[in-house]
Amino acid sequence: MKRTTILHEIHKTYKLPPTIKQLLARPLPSQTTALDAHATSQDKESVVASSVTVNGWIKSIRKQKRVSFATVSDGSTSAGLQAVLQSSIVPKDLTNGASVRLTGRLEKSRGAGQEKDFIVEEVEVLGACDPETYPIQKQSLTNEFLRENVHLRGRTSSIAAMLRLRHALQKGLDVYFEEQGFTYVNTPILTSNDAEGAGETFKIAKVKPDASLDSESSSSPSPSPSTTTTTTAATTTTTKAPPLEEEFFGNPAHLTVSSQLHLEALQAAIGRVWTLSPCFRAERSQTSRHLAEFWMCEAEWADLSVGGATNADAAATTPTNDGVQGICTVVEGMLKTVIQNLLRENEDEVIGGGGGPHRTELEKFVSEEKYGPWKRMSYAEAIVRLQEEYARQLQGSSTLFEYPPEYGKSLQSEHERWLAEVHVQGPVFVFNYPASLKPFYMKLNETRGEGGSREEEVACFDLLVPGVGELVGGSVREERVDVLVRRMLETGMISTKPGFDAKELLSSQEAELDLDKLDLGSYAWYVDLRRYGGAPHVGFGMGFERLVGWVGGIDNVRECVPIPRWAGRMNL
Ligand SMILES: NC(=O)C[C@H](N)C(=O)O
């Protein structure tokens with residue numbers, strides 16, 4: 001048997017009934033004549049059967065004397081199925097929110113607004129839903145009300161559309177990375193490192209020691225430190241102090257803030273890797289762009305062209321595939337692929353709440369004719385543009401940046417949004433930030449800014465997009481052991497072994513730091529990656545919820561994740 005035939009047989013035997021989306025996409029039996037003589041048996045099977053059973057939830061119901069109308073949804077599409085029922089078969093508990101099994105036939109609709117009607121012959125209420133107390137009422141509900149009822153909010157059409165959008169975006173990412181020869185890998189959630197060195201990790205609490213290990217060790221001749229002996233004049237009693245809690249893994253553990261470091265280890269083994277993983281940041285931030293638990297799409301790949309000069313200023317106007325410019329090219333390709341896929345699959349329902357201007361804008365950004373390659377500018381140039389704008393603002397325009405832009409300071413969200421929304425009016429890559437603003441793993445450029453006047457800069461970029469600000473960040477990774485270790489020592493991430501002084505080592509005239517004098521702690525393995533066949537490589541990370549927000553035209557990342565968590569809120 002041919003492979004396709006075998007697969008077809010398997011799909012026939014082990015298949016679930018069609019979803020509403022699948023049913024609505026199939027031709028009706030009355031339209032089968034449209035299938036010509038060349039139609040395959042698969043085509044014929046995909047015609048709607050004469051009797052179909054649908055499981056779903058009642059979204060709305062209008063009960064009339066003779067005939068009742070209900071909209072039924074199973075979540076597979078925003079278009080509900082329009083069910084027409086003889087009122088005589090409508091049970092009392094067929095109310096908004098109830099889960100039902102309906103059997104009947106699909107017919108060409110006589111009403112406007114939908115192509116097909118579902119003429120119901122049998123109704124079974126699988127789970128009733130008290131219409132008086134059901135929180136998901138038909139009137140529009142505020143985001144805050146739905147966050148409080150997060151366990152039920154997937155029943156609303158906007159959150160359900162967001163869930164389908166996440167799915168569609170993930171499929172698009174899969175397509176792009178597959179085409180580029182990447183391998184999808186899984187990285188750990190628990191880690192011994194703070195990948196950003198920014199101290200925003202959630203720590204895993206210590207645990208009580210394992211009692212069974214205790215009894216094994218009780219045969220040891222040395223007394224347990226948790227046993228104390230109290231002597232009084234009359235009696236001698238032995239009481240056990242509560243055992244000291246210990247690290248479960250033997251060393252401190254955290255929830256990961258980024259998969260990057262682990263991805264780098266896998267990259268150094270199989271070349272091109274990517275992941276979409278949960279990340280956790282213990283920031284108290286209450287902004288519309290931050291969550292304590294979020295998903296990040298991250299990729300690392302070997303870039304053997306990166307070995308040379310990495311100062312990308314020269315390449316700013318002609319995108320090349322070297323160094324940081326090469327990463328920007330990949331990120332642009334990835335986003336254009338993902339958005340094109342979405343637009344082609346006509347996922348209109350999930351873009352900006354049904355298309356409209358937001359869809360048109362996205363179409364423009366991914367079109368080579370209408371928008372072209374995305375703009376790129378160095379951090380130094382961005383600061384100049386922002387300072388010009390600030391000067392204009394000081395001369396009397398109504399809004400004034402809260403933070404005056406200054407070389408050497410981080411771009412604030414207001415700066416990022418002005419660059420993307422007003423200055424460029426579209427996505428813009430900002431590259432080569434001062435090293436002091438960025439983490440230890442970013443590669444130091446070989447030249448210090450123009451004329452040596454600026455600080456040392458790193459070969460990195462942020463992609464800023466309208467409505468969101470920073471969507472993606474990435475860099476060439478520092479593969480030179482000495483440069484890497486120096487930055488880690490300077491920033492206090494690693495220390496010296498007893499008897500050595502960090503300041504002295506850093507200022508010594510010796511060409512390279514002596515690793516034997518350093519305590520690399522939990523970063524020893526990361527340094528090893530460079531010592532054993534380390535090669536130039538690059539990577540980036542993209543907040544998945546921010547992508548969902550940008551593409552979906554959704555204002556707050558709390559509405560871009562199924563079950564959001566942020567400082568002060570975790571209802572389930
Ligand atoms: N993988 C990345 O480059 C993302 C970066 N580590 C971050 O967390 O922002």
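Analyst: Helix α10 (residues 379–394) packs against α11 at about 85 degrees, with the two axes 11 Å apart. The model is predicted: local features need pLDDT of at least 70, side-chain atom pairs count only at pLDDT 80 or more, and totals for chains, interfaces and linings use all residues. Residues are numbered from 1 along each chain as its sequence is written, and side-chain values use heavy atoms, leaving out hydrogens and water.

User: How is α10 oriented to α11?

Analyst: Axes are lines fitted to C-alpha atoms, for helices over the stretch in contact, and angles run from 0 to 180 degrees between N-to-C directions. Angles under 35 degrees count as roughly parallel, over 145 as roughly antiparallel, 65 to 115 as roughly perpendicular and the rest as oblique. The angle here is about 85 degrees. So α10 and α11 are roughly perpendicular.

User: How many charged residues are in the contact of α10 with α11?

Analyst: Contact means heavy atoms within 4.5 Å. A382, R385, L386, E389 and R392 in α10 meet H415, W418, L419 and H423 in α11. Ala, Val, Leu, Ile, Met, Phe, Trp, Tyr, Cys and Pro count as nonpolar, Asp, Glu, Lys and Arg as charged, and the others, Gly among them, as polar. The contact has 4 nonpolar and 2 polar residues, and the number of charged ones is 3.

User: How are α5 and α8 oriented to each other?

Analyst: Take helix α5 (residues 157–179) and helix α8 (residues 323–344). Their axes come within 8 Å and cross at roughly 130 degrees. The pair is therefore oblique.

User: Which classes of residue make up the contact of α5 with α8?

Analyst: From α5, the residues include L165, A168 and L169. From α8, they include V330, G333 and M334. The contact divides into 11 nonpolar, 4 polar and no charged.

User: What is the angle between α5 and helix α15?

Analyst: Helix α15 covers residues 544–552. Its axis lies 10 Å from that of α5. The two helices are roughly perpendicular. The angle is about 110 degrees.

User: How many nonpolar residues does the contact of α5 with α15 have?

Analyst: Residues of α5 in this contact include M162, R166 and L173. Residues of α15 include F544, E545 and V551. There are 2 polar and 2 charged residues, and the nonpolar count is 8.

User: In what order do the strands of the closed barrel run?

Analyst: Two strands pair if DSSP finds at least two bridges between them. The closed barrel has 5 strands, with mixed pairing. The twist averages 55 degrees from one strand to the next. The order is β1-β2-β3-β5-β4.

User: Which residue in β5 does A83 stand opposite?

Analyst: Strand β3 (residues 81–86) and strand β5 (residues 116–127) run parallel. They are joined by 3 bridges. The residue opposite A83 is F118.

User: Is N432 buried or exposed?

Analyst: N432 has a positive phi, near 60 degrees, and is not a glycine. It sits in strand β14. Buried means under 20% relative accessible area, exposed over 50%, partly exposed in between (1.4 Å probe, protein chains only). At 1% relative accessibility, N432 is therefore buried.

User: How many helices and strands are there in the protein?

Analyst: Helices (H or I, at least four residues) and strands (E, at least two) are DSSP runs, numbered from the N terminus. The protein has 572 residues, and 45% of them count as buried. The totals are 15 helices and 19 strands.
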